[in-house]
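Reader: I am new to protein models and would like to learn how to read one. Could we go through the features together?
Author: Gladly; here is the model to look at.

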Amino acid sequence: MAAVHLARSLFTPPRALLAALIVAPLLSGCVSSDSNNNGGGTSTGTINALGVSGLSYQTSSQSGKTGIKGHFQYYPGETLRLKVGDLLLAEDVPAQEWVTLLEFLPEIRSQLTTPAVDAEGLSTHRITEQQLLTDVTLTNLTRFLLSLNWSENLREGNGIDIRDRVLQQMNAALPGLSGPIDFRVSEAEFNATGAAPSPANQLLTSICFYPPDDELCQTPPTEDEIDQAPDRPEDEDLWDPNIEYKEDLRNKRQRILDSVRSMEDVDAEDARLYLTRELDSISTTIGNRFYLENHVAKHPASDTGIKRFEIRRIGGSAELADIEAITTRPQDVSVHSFSWQTADVEYFIGGPAGGESEIVTSFLPDSTYRWVRKTLRVVITP
């Protein structure tokens, strides 16, 4: 079977470097506006960070198909109905700037808003996301969409590309499947091959991921056709280029069979790596919209008054739903208070000259479940 998976080498760089590589093209044109509002009043959303193209979407006022960037149009407050070809994937999904595959599933979507607490005692969404990535329905859905990607490997910097040719073959095959494609079944049932292949594998068998005139889109020669073909003459001078010999047909059959995709070619780990990449990219993009005026603050030991720094947002005010802050060396620097209403943190010096601490702030922008973290280094001078 053809190997259809996310290239493992994509995930070898450190997470910070990987996020920088992925996020750079996303920042252009979307840093100043969470909703990416268009002149016509609608907002532009994206399926995953790098997009899933070829999905049909519908809201109460908008409809269309996601392009290569995975974009869709919506008005705030609307919900999405999403299909791949004639196959329904999700409905009643809140339309927003980013819609990930986790939000396709209501039971997972509801859990995303409950943050976990990390080793520093601060709220974070990342732990929650990673725990949810083990959900079998989610991994089956993700693997299925990865299997429909036009190329066999999803390369770095690319989203899932589901082309019209794939959708046409898919729609033609759906009515003839032995049953519906059910993402809720076990991974083993979803992967079933052999005499009783799963509906997902029946569908993949019917799709050729090559141009229509490609040899690999032909029906493979049968064993009877191969047996009836002539043997190739031992003398090369007697070979006839117009004749397909037994060996030619056997090789042709194997090439065609090897080109057929199967759900077994994309495993749960491929799905988790892909989803982690997309989720981290979105989190980094959101985080890059916020900043502190300074990364280092210096105060003399004699200055024991209350100090303050603000969370700021590029192109607008930092409207927060929650905020937390800790100090890594409370004997030197103490957090006095913090407020999501004013998006600021107050602190004071309590240690001697030469001491220092980091004030780690975790805050929740009001338009997302994703927590953002910023750090201020405080140095105590003579």
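Reader: Are helices H4 and H10 roughly parallel or roughly perpendicular to each other?
Author: Start with the rule: angles under 35 degrees count as roughly parallel, over 145 as roughly antiparallel, 65 to 115 as roughly perpendicular and the rest as oblique. An axis is a line fitted to C-alpha atoms, for helices over the stretch in contact, and the angle runs from 0 to 180 degrees between N-to-C directions. Here the axes of H4 (residues 136-147) and H10 (residues 268-287) cross at roughly 85 degrees and come within 9 Å, so the two helices are roughly perpendicular.

Reader: Which residues make that contact?
Author: Contact means heavy atoms within 4.5 Å. H4 contributes Leu-138, Thr-139, Thr-142, Arg-143 and Leu-146, while H10 contributes Ala-268, Asp-270, Ala-271, Arg-272, Tyr-274 and Leu-275. Sorted by class, there are 6 nonpolar, 2 polar and 3 charged residues. In that sorting, Ala, Val, Leu, Ile, Met, Phe, Trp, Tyr, Cys and Pro count as nonpolar, Asp, Glu, Lys and Arg as charged, and the others, Gly among them, as polar.

Reader: What should I know about the model itself?
Author: This is a predicted model, in which local features need pLDDT of at least 70 and side-chain atom pairs count only at pLDDT 80 or more, while totals for chains, interfaces and linings use all residues. Residues are numbered from 1 along each chain as its sequence is written, and side-chain values use heavy atoms, with hydrogens and water left out. The pLDDT is the predictor's confidence in each residue, from 0 to 100. The protein chain averages 91, and 90% of the residues score at least 70. Over residues 1-35, however, the pLDDT is below 50.

Reader: How many helices and strands does the protein chain have?
Author: Both are DSSP runs numbered from the N terminus: helices (H or I) have at least four residues and strands (E) at least two. This chain has 10 helices and 22 strands.

Reader: Which residues of helix H5 are buried?
Author: Buried means under 20% relative accessible area, exposed over 50%, and partly exposed in between (1.4 Å probe, protein chains only). In H5 (residues 164-173), the buried ones are Val-166, Leu-167, Gln-169, Met-170 and Ala-173. They sit on the same side of H5 because they cover an arc of only 165 degrees around the axis, the arc being that of the directions from the helix axis to the C-beta atoms. Gln-168 and Ala-172 are exposed on the other side of H5. The buried residues pack against H4, H7 and the strands E5 (63-65), E7 (79-84) and E8 (87-94).

Reader: What is the phi of Asn-48?
Author: Most residues other than glycine have a negative phi. Asn-48 has a positive value, near 65 degrees. You will find Asn-48 in the loop between strand E2 (43-47) and strand E3 (52-53), and Asn-48 counts as buried because its relative accessibility is 0%. Asp-92, also not a glycine, has a positive phi of about 60 degrees. Asp-92 lies in strand E8 and is exposed, with a relative accessible area of 54%.

Reader: Is Thr-46 buried or exposed?
Author: Thr-46, in strand E2, counts as buried at 10% relative accessibility. Leaving aside residues up to four places away in sequence, Thr-46 touches several residues, including Lys-69, Phe-72 and Trp-98.
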